[in-house]
There are 2 protein chains.
Amino acid sequence: MTIVVFPLYEGVTHLDFTGPHQFLSSFPDIKIIVASIGGVDIISHELTFSGLADLEAVERCEVLCVPGGLGCFPAMENAPFLGAIRRLASTADHVTSVCTGSLILAAAGLLKGRRAACHWAFRDLLTAFGAIPDCGRVVRDGNVITGGGITAGIDFALTLLAELRGVDAAQSAQLLLEYAPEPPFQAGLPETAPSHVREAVLARMAASLSDAERRVATIAQRLHNVG
Amino acid sequence: MTIVVFPLYEGVTHLDFTGPHQFLSSFPDIKIIVASIGGVDIISHELTFSGLADLEAVERCEVLCVPGGLGCFPAMENAPFLGAIRRLASTADHVTSVCTGSLILAAAGLLKGRRAACHWAFRDLLTAFGAIPDCGRVVRDGNVITGGGITAGIDFALTLLAELRGVDAAQSAQLLLEYAPEPPFQAGLPETAPSHVREAVLARMAASLSDAERRVATIAQRLHNVG
């Protein structure tokens with residue numbers, strides 16, 4: 001039995017974990033624990049996830065998978081949450097994340113000198129914690145496997161499954177979930193999106209980005225002083 | 001404001017609706033209602049969705065989007081559920097589904113003579129209800145837009161967004177959610193999966209498939225007698 005833990009927090013982006021969760025859940029020998037501090041319900045984009053495990057009561061796992069979302073910045077400032085991440089990572093064979101979840105791993109001091117993926121708009125923030133931003137969709141560095149923004153969680157899940165159960169098993173899940181993507185547009189990356197679309201998205205994210213930069217600078221400074 | 005309703009039921013596959021939900025939720029002028037009969041919690045692959053609306057109390061919507069999952073077959077036999085689907089479909093500009101959700105639309109009598117997508121393994125069952133199976137990933141026939149199996153819900157969402165808000169808006173969501181898929185394997189369709197993987201998946205699904213065939217035959221016969 002392989003235990004996979006998804007630690008949730010207020011402001012998580014649900015597709016970051018529901019994507020991988022759905023792929024992993026087709027394996028009866030993978031036990032998935034979805035948890036939050038205190039086991040409280042988590043509302044993500046008005047969708048309520050309940051019946052969660054208490055993150056601090058989870059003893060160990062083979063795979064720790066931290067999802068992202070704009071709530072990752074307050075989550076980094078939450079000592080019990082970050083403490084649980086550090087503790088579980090120390091028990092895990094694979095320390096993993098999707099989207100800005102890698103910033104949480106980095107803030108926990110787990111990515112020093114490691115290459116990691118992240119959502120394209122927030123990727124450079126990894127450097128504040130001594131991690132090396134990588135534009136790959138799924139990036140592996142030692143026992144750390146990180147996925148890029150949100151939908152990259154699905155490609156990440158297949159990579160993780162191949163690692164945990166072999167290529168045949170991963171391909172079975174891919175067929176079962178009919179993952180043969182056909183995006184009707186090619187706007188998924190800043191490099192391929194039309195420039196007016198990219199500018200509009202950046203304008204919309206400007207406030208979140210500058211708030212994130214400010215928070216990360218403070219958290220990184222504090223870590224530096226402690227470390 | 002555009003109202004989109006996702007009707008859930010016991011045995012739904014969560015990624016069928018969490019995928020489109022995440023894409024749609026980035027638009028403040030789209031109101032998403034996730035509902036179940038009686039507003040009861042829905043557990044999907046051990047993930048609990050709570051705080052749901054009561055499906056029978058939802059008055060109308062612009063978009064009805066029925067997700068799939070193995071629970072679609074009992075759901076077809078649930079008169080209040082199917083009644084709510086029929087009633088909401090009659091108010092909607094767009095009647096839509098992901099995965100085997102199209103079988104629910106078909107069982108509700110909404111796809112007669114219409115082309116529709118479905119999960120590859122269950123697609124042919126559409127014919128029992130007078131619908132025309134289509135192997136497209138996202139299929140449009142009049143005001144009906146249907147997506148193929150599970151992960152097709154994301155490609156479906158972009159198609160729907162382009163329809164509701166225009167191509168620029170759909171591309172913005174694609175960039176925001178970094179949807180530039182890079183499947184590590186090409187096993188997402190029975191035609192592209194290695195034959196031993198396809199055979200293993202079919203063997204694993206055999207019991208579900210024959211149960212589905214039996215149920216669909218009975219339901220279709222009853223509809224035929226009524227109609």
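Which residue is the bridge partner of Phe49(A) in S4(B)?

## Strand to strand

It's Phe49(B). S4(A) and strand S4 (residues 47-50) of chain B run antiparallel to each other, paired over three bridges (strands are DSSP E runs of at least two residues, helices H or I runs of at least four, numbered from the N terminus; pairing takes at least two DSSP bridges).

## Ground rules

This is a predicted model: local features need pLDDT of at least 70 and side-chain atom pairs pLDDT 80 or more, while totals for chains, interfaces and linings use all residues. Residues count from 1 along each chain as written, chains are lettered from A in written order, and side-chain values use heavy atoms, without hydrogens or water.

## Symmetry

Turn chain A by 180° with a shift of 0.0 Å along the axis and it lands on chain B with an RMSD of 0.0 Å (least squares on C-alpha atoms with pLDDT of at least 70 in both copies). The two copies are thus related as by a two-fold rotation axis. In chain A, Phe49(A) has the C-alpha nearest that axis, at 2.5 Å.

## The interface

Contact (heavy atoms within 4.5 Å) involves 62 residues of chain A and 62 of chain B. About 5,400 Å² is buried between the chains, 61% of it from carbon and sulfur atoms (accessible area lost on being put together, 1.4 Å probe, summed over both parts). Leu175(A), Glu178(A) and Phe185(A) supply 15% of what chain A buries here, more than any other three residues.

Note on methods
Buried area = accessible area lost by both parts, 1.4 Å probe.
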